[in-house]
Amino acid sequence: MHMATVQSLAKRFEDTIHNYMAAIDKSLLPTRALDEEMVRKAVFLVRHDGVQIQSFNEERLLLEAIVKDAHSVKVILNFDKLTAICACPQEPMCRHRLAVIFALYQKIGSLSEWVATWREPESKQMALLSEKRSPEQWTKLIRSIWRDAIPDYTTRNYFYYEQMYEGRLKNALSYVPLEREWKVLYRTYAHFISLTEVWSTFISGTQEVHHSFFKTWFDDELHELRDLLGQLRVQHRTFEADAFFEHLKVLVREFIEVKDSSFSQRFSLYQLFWTNLYTTSRLRENELVALKNPDERLRTFFNILLKNDLDIKKISPNETHDWVALAVLAEDENHLQALTNVLLAIKPHVKTFLFEGLYTQYRHQYVRTLSRLFSQIELSELDWEDLFKQFGHYGLPAYSAYLIEKQMYKQWAELHHLHNSPLYFAEECGLKEVQNAAPDYVLPLFHRYALSYLEERNRPSYKQAVRIWKKMKAACKKSGQMEFWTAYITEIRTQNKRLRALQEEIEKGNLI
């Protein structure tokens, strides 16, 4: 093909060639030795006239070229699909394909400039490293590692996401300073900045198929950071490090002030720094002033830490999760006024929170936490009853304990009737204590348990029924109702006189 024709072809398909180059730029890394070598060899082939464009098929938009390497190799570019096929075995990219694309690019741009720009990031990092150590330098360095766009598919596939994150974090951590006293601080920067850089991808991931993996990953990251902050707090601090702590504080504040739908997750990250690292009252008072119109949860957080009185009137139901965490904080800080205030604001939303805001596997644990928190503040009988109603069947153990403590045995028995509690569960909820204190109320429950065993119609079940009737007999004896007992067991025997195995078990059990 004639030189002039190649020139005009390149002009005509300028956009296509730029797209090829952009794809190369994105998939090849100057820091990867193989990529670097492939680009170098391809440039060599172009400079030494190793590329001959043979023909162009207008209909199918196929360009054929020969590359004279150790052997001559045929390369075909498909302008329509933006693909490149080469006769050599290397996949997905090789120096021959590169050389053909570079040869075309040379007609519309400067190849040496492109190569220089492609190589630049690495030299830029080296330049960054040689700068005087400063918080700005660290921030710039770590962010430069995150400069490549995060591929879209990582939100939909946690495993790609984790690989991408681990890779970049590792890269950032490879620049950790040698001196021991700077190591932990640099790691903290690397973890925190990487988290903020990956933030929107992580948040989108929590709405996708692998959402639980993303959530677990985030908890692990928080754990890692909490460790680092704990080490920083006890480490001897040099005067030189002050600027780094100050700068980090500003980064953390800028992060929490972003208004988006992920406040809750941002808040849990923010709290780590202010409960583990920045712990003096003076710092906390200043931060509260520095925050631009803070969310009610943020304000409450600092007021609990500063032991100020709270006055929260109403909270939004979908924020309950954060408020429960704040109640736990108030408990840890022994701030009873705050604990009472937060819990009374949470109380109307407990049911919604448990049954709409939580996955099933967490409900038990939260009911336990809430029972513990509420038992520390003054609540009326009515408030307690309302609370236990909101807990639904998850609250039965706690509610049962409460009723026994208040000696409300009749209500205890009614509660377990209403919820059809199985025997083992009623036992966990204090059946024995109720039986000792008020045997009358448990008789109907025992009757129900025994009958459900009878329905199974086999000897092992009859044995179980007899076990229950023994408890029932003991309860009757204790409450002076042996007449009732005799009538009751006679009635059972008459109704089931054809069940020989049952009759035998009743006789063996001395129930008569």
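Thr139 is found in helix 6. The model is predicted. Thr139 counts as buried, because its relative accessibility is 6% and buried means under 20%. Leaving aside neighbours within four places in sequence, Thr139 is in contact with Tyr189, Ile193, His247 and Leu251.

**Helix 6 against helix 9**

- Two packed helices are described by the angle between their axes and the distance between the axes.
- Helix 6 spans residues 135-145, and helix 9 spans residues 180-197.
- The two pack at an angle of about 50 degrees, and their axes are 10 Å apart.
- That angle makes helix 6 oblique to helix 9.
- The crossing of helix 6 past helix 9 is right-handed.
- From helix 6, the contact is made by Pro135, Trp138, Thr139, Leu141, Ile142 and Arg143.
- From helix 9 come Trp182, Leu185, Tyr186, Tyr189, Ala190, Ile193, Ser194 and Glu197.
- By type, the residues of this contact divide into 10 nonpolar, two polar and two charged.
- Thr139 belongs to this contact, and Tyr189 and Ile193 are among the residues that Thr139 touches.

**Nonpolar cores**

- The largest nonpolar core has 129 residues.
- Leu269, Phe273, Trp412 and Trp469 have the most contacts inside this core.
- Helix 9 gives the most to this core, with nine residues.
- Leu269 touches Phe192, Leu195, Trp199, Leu222, Leu225 and Phe255, not counting residues up to four places away in sequence.
- A second, separate core has 42 residues.
- Ile24, Leu28, Val67 and Ile108 are included in that second core.

**Helix 15, an enclosed helix**

- Helix 15 covers residues 296-305.
- Eight of its 10 residues are buried, so helix 15 is largely enclosed by the rest of the structure.
- The buried residues of helix 15 are Arg297, Leu298, Thr300, Phe301, Phe302, Asn303, Ile304 and Leu305.
- Their cover includes helix 12 (242-256), helix 13 (263-276) and helix 14 (281-290).
- Helix 16 (320-332) and helix 17 (336-346) are also included in that cover.

**Helix 28 and the segment after it**

- Helix 28 runs over residues 500-508.
- Its buried residues are Ala501, Leu502, Gln503, Glu505 and Ile506.
- These buried residues pack against helix 25 (439-454), helix 26 (459-478) and helix 27 (482-495).
- Asn510 is found in the segment after helix 28.
- Phi of Asn510 is positive, near 50 degrees, and Asn510 is a residue other than glycine.
- Asn510 counts as exposed, because its relative accessible area is 57% and exposed means over 50%.

**A positive phi in a loop**

- Asn420 lies in the loop between helix 22 (409-418) and helix 23 (423-428).
- Asn420 is not a glycine, yet its phi is positive, at about 50 degrees.
- Asn420 counts as exposed, at 52% relative accessibility.

Methods
Residues numbered from 1 in each chain as written. Predicted model: local features only at pLDDT ≥ 70, side-chain atom pairs only at ≥ 80, totals over all residues. Heavy atoms only, no water. Buried < 20%, exposed > 50% of the residue type's maximum accessible area, 1.4 Å probe, protein only. Helix = DSSP H or I, 4+ residues; strand = E, 2+ residues; numbered from the N terminus. Contact = heavy atoms within 4.5 Å. Axes fitted to C-alpha atoms, helices over the stretch in contact; angles between N-to-C directions. Parallel < 35°, antiparallel > 145°, perpendicular 65-115°, else oblique. Left-handed = near helix turned anticlockwise from the far one by under 90°. Nonpolar A, V, L, I, M, F, W, Y, C, P; charged D, E, K, R; others polar. Core = buried A, V, L, I, M, F, W, Y, C linked by side-chain atoms within 4.5 Å.
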